[in-house]
Amino acid sequence: MIKLYEFPLSPFCRKVKVVLYEKNIPFASVFVDLFKGATKAEEYLKLNPFGRVPVLIDGETVLYESTVINEYLEEKFPNPPLLPKDPVKRAKARMMDEAFDNYFMGALGPIFTEKFMKPAGQANEAGIRENTAKLDGVLRVLEKELEGKDYLAGEFSLGDIGFAVQLPRAESMFGLKLDGYLRVQAWLKRITSRPAYQKSEPSAEFMKGFQETMAKMRGSA
Ligand SMILES: N[C@@H](CCC(=O)N[C@@H](CS)C(=O)NCC(=O)O)C(=O)O
């Protein structure tokens with residue numbers, strides 16, 4: 001059976017999990033405790049020398065990088081398809097996934113560090129504002145992309161998944177405002193109501209533990 005090494009809150013892990021569930025691929029989840037530095041352990045580095053989650057193991061095949069893992073799953077398990085047939089729409093789906101990884105997560109990562117990793121009161125507020133403005137810029141792009149379309153590439157695809165798993169989290173944990181982005185809100189509703197999406201949500205128990213650990217870390221940082 002396929003194994004997914006994951007940290008449930010990681011959007012890169014959730015990108016892969018949504019695909020596994022959408023395609024009804026059975027898999028076993030292996031919890032990688034980022035708080036305990038598990039990605040830097042010698043055994044883990046044999047799987048991913050860059051020390052990140054997710055890692056997917058399929059028989060003898062060991063893969064890392066969420067985008068590549070999802071392309072692999074799409075090729076090996078083509079049904080239901082998560083990339084459009086039309087080459088232009090396929091390119092759009094891939095562009096949107098890249099935009100998520102690079103521009104959205106590229107701005108959210110530094111906000112996470114400032115807001116959650118620094119001791120209370122020591123966050124670089126100017127840095128947070130600057131990166132929040134970048135996130136807002138990405139939302140403007142999405143709103144425009146969704147003009148006349150239900151999904152970013154015209155049909156539900158790999159291009160929607162990263163954004164859809166992380167936008168609600170960015171709203172609840174980072175205070176990102178979706179007000180005024182009406183197409184984005186409607187599109188999110190369409191995706192978040194999918195059973196595969198819902199199954200990929202971290203459990204309430206995990207979230208409670210996560211919040212307690214973050215609070216302890218900030219208190220003692
Ligand atoms: N480009 C990678 C990014 C993976 C990544 O950054 N994962 C983070 C969690 S969201 C991680 O493993 N961090 C652990 C660490 O840096 O030690 C992908 O798409 O899989």
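In the hairpin of E3 and E4, two residues sit between the strands, and Gly59 there has a positive phi near 65 degrees. Strands (E, at least two residues) and helices (H or I, at least four) are DSSP runs numbered from the N terminus. Keep in mind that this is a predicted model: local features need pLDDT of at least 70, side-chain atom pairs count only at pLDDT 80 or more, and totals for chains, interfaces and linings use all residues. Residue numbers start from 1 along each chain as its sequence is written.

**The sheet**

E3 and E4 run antiparallel and are joined by four bridges; Asp58 stands opposite Thr61 in E4. Two strands count as paired if DSSP finds at least two bridges between them. Zooming out, four strands make an open sheet with mixed pairing, in the order E2-E1-E3-E4. Which strands are the edge strands? They are strand E2 (27-31) and strand E4 (61-64), each pairing on one side only. From one strand to the next, the twist averages 20 degrees.

The remaining pairings involve E1. Strand E1 (residues 2-6) runs parallel to E2, with five bridges between them. With E3, E1 pairs in the antiparallel sense over three bridges. Lys3 is a handy residue to look at here: its bridge partner in E2 is Ala28, and its bridge partner in E3 is Ile57. As background, strands of a sheet pair through backbone hydrogen bonds, either parallel or antiparallel.

| Strand pair | Bridges | Sense |
|---|---|---|
| E1 and E2 | five | parallel |
| E1 and E3 | three | antiparallel |
| E3 and E4 | four | antiparallel |

**Helices H1 and H3**

Now for the helices. The axes of H1 and H3 come within 9 Å and cross at roughly 10 degrees. That makes H1 roughly parallel to H3. The angle classes go like this: under 35 degrees is roughly parallel, over 145 roughly antiparallel, 65 to 115 roughly perpendicular, and the rest oblique. Axes are lines fitted to C-alpha atoms, for helices over the stretch in contact, and angles run from 0 to 180 degrees between N-to-C directions.

On the H1 side, the contact is made by Phe12, Lys15, Val16, Val19 and Leu20, and on the H3 side by Ser66, Ile69, Asn70 and Leu73. A contact means that the C-beta atoms of two residues, placed from the backbone, lie within 7 Å. By class, these residues are six nonpolar, two polar and one charged. Ala, Val, Leu, Ile, Met, Phe, Trp, Tyr, Cys and Pro count as nonpolar, Asp, Glu, Lys and Arg as charged, and the others, Gly among them, as polar.

**Two domains**

The domain assignment gives domain 1 (2-81) and domain 2 (87-198); such bounds come from an automatic or database assignment. Their C-alpha centres lie 21 Å apart. Where they touch, 10 residues of domain 1 are in contact with 10 residues of domain 2. Helix H1 (11-22) and helix H3 (66-76) each supply at least two residues of the domain 1 side, and H1 gives the most, with seven residues. That side of domain 1 has four nonpolar, two polar and four charged residues.

Another helix pair to look at is helix H6 (residues 158-174) with helix H7 (residues 182-192): they pack at an angle of about 100 degrees, with their axes 10 Å apart. H6 and H7 are therefore roughly perpendicular to each other. Asp160, Ala164, Leu167 and Pro168 in H6 meet Leu188, Ile191 and Thr192 in H7. Five of the residues in this contact are nonpolar, one is polar and one is charged.

Pro54 lies in the loop between helix H2 (42-47) and E3. A cis bond also runs from Asn79 to Pro80, with omega near -10 degrees, and Pro80 is in the loop between H3 and helix H4 (87-117). Finally, Asn24, in the loop between H1 and E2, has a positive phi near 55 degrees although this residue is not glycine. Most residues other than glycine have a negative phi, and most peptide bonds are trans.
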